[in-house]
Amino acid sequence: MVLELHSPAVPTFTQDDRIFRDENVLQDDYTPKDLPAREDELEAYTNSLQPVVNGASPRNIFVYGETGTGKTVATNRIIDDLNRDQKNFEDVEIKFVKINCKDLTSYQAGVHLVNEFREPSNHINSTGHSRADVNNKLWTHLEEIDATHVLFVLDEIDSLSEDDDLLYQIPRANANAKVEGTKVGLIGISNNFTFRQNLSARVQSSLCEDEIHFAPYDANQLTAILKQRSEKAFSDGVLEEGVVPLTAGLVAQDTGSARNALDILYRAGTIARNENNDVVTENHVRQAMDAVENGLIKDEIRALPTQAQLVIYTVAVLNQSGQNQVTKKEIHRLYKKFCKRTGVNAKSQRTIHNKLSKLQLKGFLNVTEENKGRGGGKRYKYELGVDADLINDALQDTPRLRDLSTNSTISQFS
Ligand SMILES: Nc1ncnc2c1ncn2[C@@H]1O[C@H](COP(=O)(O)OP(=O)(O)OP(=O)(O)O)[C@@H](O)[C@H]1O
Ligand SMILES: [Mg+2]
């Protein structure tokens, strides 16, 4: 007997990318050579660093602006330029020490900075040293180093928790005579607008000697950025003419973030590739935009507290069963049943009212106001402000609520 061999019905990988020439160019960690639309900010940076180039004391610089507006990439670019050019400087040697402060306390960031001056085998750990000890180690390293200037670059300083002591100590290291043989400066980068206001007065006055603001990009600026990247990223003739302007226009209205714009263009390309299409169309951009928005909404739903998730889920079930606008009482009745089913303690109707208001503020719910007639008073009616499928999808990833059937209906629970 001869066994017939069937080719397996599994997808095969082939190197056949008609859409992308080099998709890495659209990824967040790719560093472009030029930064269109940031000429003014780069010039401001250069001016602020001029004293260092001249051998004088650095000015401390606070860089701020919305997420995705090029703060990190522009800073890296400035550091690279200065590192390249300093070979020509006489009597000036600048060392940059750059860390990202995300998820670090002020104390842990101090430990990281000390370790930047040490071999891995000699690193200190984040426990067992007093803060004064960590600071003293840092001052010693600064004193001993050969460089004439050390510039600390602390990215995402708004996530430094605990206190802002480090942001005071570093800019003041020379003035407070902690370090005398090396000129010390700080560049602090933040995307949180309230952060500056909340800094203590002493930090504000020392860190924010110079401030450089990165505004959200407008449509023309995003077009320039996307064009520059897409020439390298996509094969010739793949992008329909309207793709870049449409992406730029949509993102400019929304966030003005280059990261966002690049992400959407990249997704539009992958959607076209998955469809085996030879061109990226405006329709692909719209699909990509929806996918990004839906992803963000799902992330937000996943991040809600369980009680709020149960409330929004209840409204979704009521809406899906045909009751489009529901009162807080109706919501509370079904919510209690869902609580019982999931083993969560049910809250009072009044607490639920607060949750509903918060969900409305976040855009998850829409509310309409109804006059109750002559008796006076008002009644609020709620409906979902987002697609019910997004809520179901998001809750599928929430272990505690996963078991609530996606097809729950009122009749099952009343
Ligand atoms: N002017 C520009 N030209 C080319 N690419 C840019 C420009 N501005 C930003 N980008 C790109 O957009 C993405 C986001 O930029 P970057 O990481 O610098 O933003 P950010 O302001 O630091 O954001 P966050 O506050 O979230 O850290 C990166 O991929 C970066 O290369
Ligand atoms: Mg950044």
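How many residues surround ligand 1, and which are the closest?

View 1. Ligand 1 is surrounded by 23 residues (a residue counts if one of its heavy atoms lies within 4 Å), and the closest are Thr67, Lys71, Thr72, Tyr217 and Arg229. This is a predicted model, in which local features need pLDDT of at least 70 and side-chain atom pairs count only at pLDDT 80 or more, whereas totals for chains, interfaces and linings use all residues. Residues are numbered from 1 along each chain as its sequence is written, chains are lettered from A and ligands numbered from 1 in the order in which they are written, and side-chain values use heavy atoms, with hydrogens and water left out.

View 2. An oxygen atom of ligand 1 lies 2.6 Å from an N or O atom in the side chain of Arg229, and an oxygen atom of ligand 1 is 2.9 Å from a polar side-chain atom of Asn191. A polar backbone atom of Pro36 is 2.8 Å from a nitrogen atom of ligand 1. Taken alone, ligand 1 exposes 620 Å², of which the protein buries 95% (Shrake-Rupley method, 1.4 Å probe).

**View 3. The cysteine Cys208.** With a disulfide defined as a pair of cysteine sulfur atoms within 2.5 Å, the count is zero. The closest cysteine sulfur to that of Cys208 belongs to Cys101 and is 14 Å away, too far for a bond. Cys208 counts as buried because its relative accessibility is 9%, where buried means under 20% relative accessible area (1.4 Å probe, protein chains only).

Conventions: Buried means under 20% relative accessible area, exposed over 50%, partly exposed in between (1.4 Å probe, protein chains only). A polar contact is a pair of N or O atoms within 3.5 Å; within protein, one must be able to donate a hydrogen and the other to accept it, and residues adjacent in sequence count only if both atoms are side-chain atoms.
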